[in-house]
Amino acid sequence: MNLVEARWKIDKIDSELKKLFAERMEVSKEIAMIKAETGDNIYKPDREKEVIEKLTAYVNPDIKEEYTAFIRKILEISRDYQLKKINELKAENQ
């Protein structure tokens, strides 16, 4: 494989990641609306720990640290997005 081919593969993967990220954020928005209705906390450390442990359980040790950081960042972004959506909903209802 040469550099052009490798970059083409990365571009294809990034396109898939973009679709999956958008889908995940849509579900995060739905979760935010449910949490707004129920008064549930956005941050659930036990749930996040469980998710991280499950997702990193069988990852290649060579990339496990990086993958764990990736998952933590996604969870952080999802929490921030949920908070933003809940705050927008509160502002609309005032």
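The legends below describe close-up views of one predicted model. Residues are numbered from 1 along each chain as its sequence is written, and side-chain values use heavy atoms, with hydrogens and water left out. In this predicted model, local features need pLDDT of at least 70 and side-chain atom pairs count only at pLDDT 80 or more, while totals for chains, interfaces and linings use all residues.

View 1. Helix α1 covers residues 3-38; helices here are DSSP runs (H or I, at least four residues), and strands are runs of E of at least two, both numbered from the N terminus. The expected span of a helix is 1.5 Å times one less than its number of residues. Asn2 caps the N-terminal end of α1, with a side-chain oxygen 3.0 Å from the backbone nitrogen of Val4. Such a polar contact is a pair of N or O atoms within 3.5 Å; within protein, one must be able to donate a hydrogen and the other to accept it, and residues adjacent in sequence count only if both atoms are side-chain atoms. Just after α1, Gly39 takes a positive phi of about 75°.

**View 2. The buried side of helix α1.** Met25, Ser28, Ala32 and Lys35 are buried in α1. Buried means under 20% relative accessible area, exposed over 50%, and partly exposed in between (1.4 Å probe, protein chains only). An α-helix has 3.6 residues a turn, so residues three or four places apart point the same way. The cover over the buried residues of α1 includes α3, residues 64-92. Val27, also a residue of helix α1, is partly exposed because its relative accessible area is 41%. Its C-alpha atom is 18 Å from that of Leu55, 28 residues away along the chain.

View 3. Beyond its neighbours within four places in sequence, Ser28 is in contact with Ser78, Tyr81 and Gln82; contact means heavy atoms within 4.5 Å. Ser28 and Leu75 are 47 residues apart in sequence, and their C-alpha atoms are 9.8 Å apart in space.

**View 4. Helix α3 and what covers it.** Helix α3 has 29 residues and reaches 42 Å from its first C-alpha to its last, close to the 42 Å expected at 1.5 Å a residue. Its buried residues are Thr68, Ile71, Ile74, Leu75, Ser78, Tyr81, Gln82, Lys85 and Ile86. Both α1 and α2 are included in what covers them. Lys85 counts as buried because its relative accessibility is 17%. Not counting residues up to four places away in sequence, Lys85 touches Lys29, Ala32 and Met33.

**View 5. Helix α2 against helix α3.** Two packed helices are described by the angle between their axes and the distance between the axes. Helix α2 (residues 45-56) and α3 pack at an angle of about 145°, with axes 10 Å apart. Axes are lines fitted to C-alpha atoms, for helices over the stretch in contact, and angles run from 0 to 180 degrees between N-to-C directions. From α2, Glu48, Val51, Ile52, Leu55 and Thr56 meet Lys64, Tyr67, Thr68, Ile71, Arg72, Leu75 and Arg79 of α3. The residues of this contact divide into six nonpolar, two polar and four charged. Here Ala, Val, Leu, Ile, Met, Phe, Trp, Tyr, Cys and Pro count as nonpolar, Asp, Glu, Lys and Arg as charged, and the others, Gly among them, as polar.

**View 6. Ile71 of helix α3.** Ile71 lies in helix α3 and counts as buried at 7% relative accessibility. Leaving aside neighbours within four places in sequence, Ile71 is in contact with Ile52 and Leu55. Ile71 and Glu53 are 18 residues apart in sequence and 10 Å apart in space, C-alpha to C-alpha.
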